[in-house]
Amino acid sequence: EAIAVDLGAAGYGRVRIENYQGYPATLVREIVFVKQGGVVVKDTLSLGQELKMRWGQVFRARNLGPDRGPNWINTYTGPWMPLRGLGRGAPVYTRWRNSPRDLLIYFLPDRHGRLELVDESGRDSTLPLPLRVQYTLRQDGKPDTPLSSVSLLVPHAPGTAGPLAEGVRVLLSEPARTVVEFPDTDGTRNLVVLNPSGRPLKLDGLKTDARVACIRHSRGKVSAVSLYEGKELS
């Protein structure tokens, strides 16, 4: 099951996968693309039996730094991207010029989570994106008790990502609902609501019945609003 919709100032996609990775589990992944501020990715995992798990979202990177925190890290590709053949250790044929942009990878904090980095260049020397970035959640999963993992990707000019990471506000983080606010590089603040049930949500002055909502706030004014399957937002 998969859907993708254009909501104007934002885009939304959702995919549902049963028997995920061969396990008695169902994964629902939701993606909100805030044009052009960032991307919110949420995974919700429902199990059919008890499992002791190590799981979480994984992203690949070429370079790390210059800064990081307990649940976030700055990444960048560099001025060139190698184009290689198929297979481990394949020859590099040419390089593509890459624009100088960094990417903040921010994971919503969880008491079960730990930021882990793995360098796979040792076993594959020509791998274009050799670094694996994961916020690993070590949890005991139970049937009928969904688990969730949420990340935020914010592109920015080369340099420190600390001010962007410090500007993230997690208003609500649970498997059923997520509300997160984050800044982008021009000072615009972006509020993203994921509320799959569509039941009315009231939180800190926010009220909506939308399954997905995105509000962009710039220079003291609301500059854009996007709603999916909802009629009310205040």
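Two strands count as paired when DSSP finds at least two bridges between them. The views below show close-ups of a predicted model.

**View 1. Strands S4 and S14 pair in the antiparallel sense.** The pairing runs over 7 bridges, and S14 covers residues 147-156. Within this pair, Lys 42 stands opposite Val 150, a residue of S14.

**View 2. Strands S7 and S8 form a hairpin.** The link from S7 to S8 passes through 3 residues. S7 spans residues 63-68 and S8 spans residues 72-76; the two strands run antiparallel and are joined by 3 bridges. Leu 64 has Thr 75 of S8 opposite it.

**View 3. Eight strands make up an open sheet.** Their order is S1-S2-S3-S4-S14-S11-S8-S7, and the pairing is antiparallel. S1 and S7 are the edge strands, each with pairing on one side only. From one strand to the next, the twist averages 20°. The pairs shown in the two views above, S4 with S14 and S8 with S7, can be found in this order.

**View 4. A salt bridge joins Lys 35 and Asp 6.** The N to O distance between the two side chains is 3.0 Å. The pair links distant parts of the chain, 29 residues apart: Asp 6 belongs to strand S1 (residues 2-6), while Lys 35 sits in the loop between strand S3 (25-34) and strand S4 (38-47). Asp 6 is classed as exposed because its relative accessible area of 59% is over the 50% cut-off. Lys 35, with a relative accessible area of 27%, is partly exposed.

**View 5. Glu 174 and Arg 177 meet in a salt bridge.** Their side chains come to 2.9 Å, N to O. Glu 174 is partly exposed at 26% relative accessibility, and Arg 177 is partly exposed at 27%. Elsewhere, salt bridges with shared partners join Arg 60, Glu 120, Arg 123 and Arg 132 into one network.

**View 6. Glu 120 and Arg 123 form a salt bridge.** The closest N and O atoms of the two residues are 3.3 Å apart. Glu 120 counts as buried because its relative accessibility of 9% is under the 20% cut-off. Arg 123 counts as partly exposed, at 45% relative accessibility. In the whole structure, a search finds 17 salt bridges.

**View 7. The largest nonpolar core has 24 residues.** Val 32, Val 40, Leu 104, Tyr 106, Phe 182 and Val 192 touch the most other members. The elements that give two or more residues to this core are strands S2 (10-18), S3, S11 (102-107), S14, S16 (178-183), S17 (189-194) and S20 (212-218), together with helix H1 (162-166). S14 provides the largest share, 3 residues.

**View 8. Contacts of Val 32 are shown in close-up.** Leaving out residues up to four places away in sequence, Val 32 touches Gly 11, Tyr 12, Gly 38, Val 39, Val 40, Val 192, Leu 194 and Val 212. Among these neighbours, Val 40 and Val 192 are also listed with Val 32 as the core members that touch the most others.

Technical notes: Residues numbered from 1 in each chain as written. Predicted model: local features only at pLDDT ≥ 70, side-chain atom pairs only at ≥ 80, totals over all residues. Heavy atoms only, no water. Salt bridge = Lys/Arg side-chain N within 4 Å of Asp/Glu carboxyl O. Helix = DSSP H or I, 4+ residues; strand = E, 2+ residues; numbered from the N terminus. Buried < 20%, exposed > 50% of the residue type's maximum accessible area, 1.4 Å probe, protein only. Axes fitted to C-alpha atoms, helices over the stretch in contact; angles between N-to-C directions. Core = buried A, V, L, I, M, F, W, Y, C linked by side-chain atoms within 4.5 Å. Contact = heavy atoms within 4.5 Å.
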